[in-house]
Amino acid sequence: GMSWESSLEYYRLINQMVKARLGGHHSAECLLYSVDFAEIEDMQQRGAWDAAGARLAAVARQLERGGADCIVLCTNTMHRLADVIQAAVDLPLLHIADATAQAVHRAGLGTVGLLGTIYTMEGDFYIGRLVQEHGLRVIVPDADARQLVNRVIFDELVNGVLNPESRAAYV
């Protein structure tokens, strides 16, 4: 994840899945690189996507040097830079849109609703991949609802706040 709050949750879920599959005292053998989200969020706000891509490419190279077998970028928004990151390393980057599409198809669905940051809901890097490479139909909220979703992500979720009012507004 980009925020430590989301990284913590992903780390917990990954290890729970490994333990469920392998049993006993098994846990995931992994390298975790946690960035300072304030730096990334500032780049997003300024539209400094080239700088953000260079930063994440450098992180991917560090993970490769550390012995990683693949790169998992647990954030939808930063997949805007997936090609830049992939070009920086010889490791495969597991694309989040591909994993999402596989889960959607396994569930027998062809249409999905997408909630995410403004960058994800309004950009083509994620929706386009779901549509063009996986044949899915993607629905996003209207402009006001997109602003609400984005505000909740940046003001609440990245700070570990799960507000019942925001949950109700999402529904």
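The following legends describe close-up views of a predicted model.

Local features are reported at pLDDT of at least 70 and side-chain atom pairs only at pLDDT 80 or more, whereas totals for chains, interfaces and linings use all residues. Residues are numbered from 1 along each chain as its sequence is written, and side-chain values use heavy atoms, with hydrogens and water left out.

View 1. Threonine 117 occupies the loop between strand S3 (111-113) and helix H6 (118-122). Helices (H or I, at least four residues) and strands (E, at least two) are DSSP runs, numbered from the N terminus. The relative accessible area of threonine 117 is 7%, so the residue is buried (under 20% relative accessible area; exposed is over 50%, and partly exposed lies in between, with a 1.4 Å probe and protein chains only). Its side chain makes a polar contact of 2.5 Å with that of threonine 77. A polar contact is a pair of N or O atoms within 3.5 Å; within protein, one must be able to donate a hydrogen and the other to accept it, and residues adjacent in sequence count only if both atoms are side-chain atoms. Apart from residues up to four places away in sequence, threonine 117 touches Thr77, Asn150, Ile153 and Phe154, contact meaning heavy atoms within 4.5 Å.

**View 2. Aromatic pairs.** Two aromatic pairs are counted; rings of Phe, Tyr and Trp (its six-membered ring) pair if their centres lie within 6.5 Å, and planes under 30 degrees apart count as stacked, over 60 as edge-to-face and the rest as tilted. Phenylalanine 37 and phenylalanine 154 are stacked, at 6.2 Å centre to centre and 15° between the planes. Because phenylalanine 37 lies in helix H2 (residues 37-46) and phenylalanine 154 in helix H8 (residues 143-155), this pair ties together parts that are 117 residues apart in sequence. Both phenylalanine 37 and phenylalanine 154 are buried. The ring centres of tryptophan 49 and tyrosine 119 are 5.3 Å apart with the planes at 80°, so that pair is edge-to-face. Tryptophan 49 in helix H3 (residues 49-65) and tyrosine 119 in H6 are 70 residues apart, and the pair links distant parts of the chain.

**View 3. Cysteine 70 and cysteine 74.** The model has zero disulfides, a disulfide being a pair of cysteine sulfur atoms within 2.5 Å. For cysteine 70, the nearest cysteine sulfur is that of cysteine 74, 10 Å away. Cysteine 70 is partly exposed, with a relative accessible area of 29%. For cysteine 74, the nearest cysteine sulfur belongs to cysteine 30, at 9.8 Å. Cysteine 74 is buried at 17% relative accessibility.

**View 4. Nonpolar cores.** The largest nonpolar core has 30 residues, and Met2, Ile40, Leu56, Met78 and Leu81 have the most contacts inside it. Such a core is a set of buried Ala, Val, Leu, Ile, Met, Phe, Trp, Tyr and Cys residues joined through side-chain atoms within 4.5 Å. At least two residues of this core come from each of H2, H3, helix H4 (82-88), H6 and H8, and H3 gives the most, with seven. A second, separate core of twelve residues includes Ala101, Leu114, Phe125 and Tyr126.

**View 5. Helix H5 and its cover.** The buried residues of helix H5 (residues 96-106) are Ile96, Ala97, Asp98, Ala101 and Val104. Strand S2 (93-94), S3 and helix H7 (127-132) are among the elements covering these residues. Glycine 108 follows H5 and has a positive phi, near 75°.
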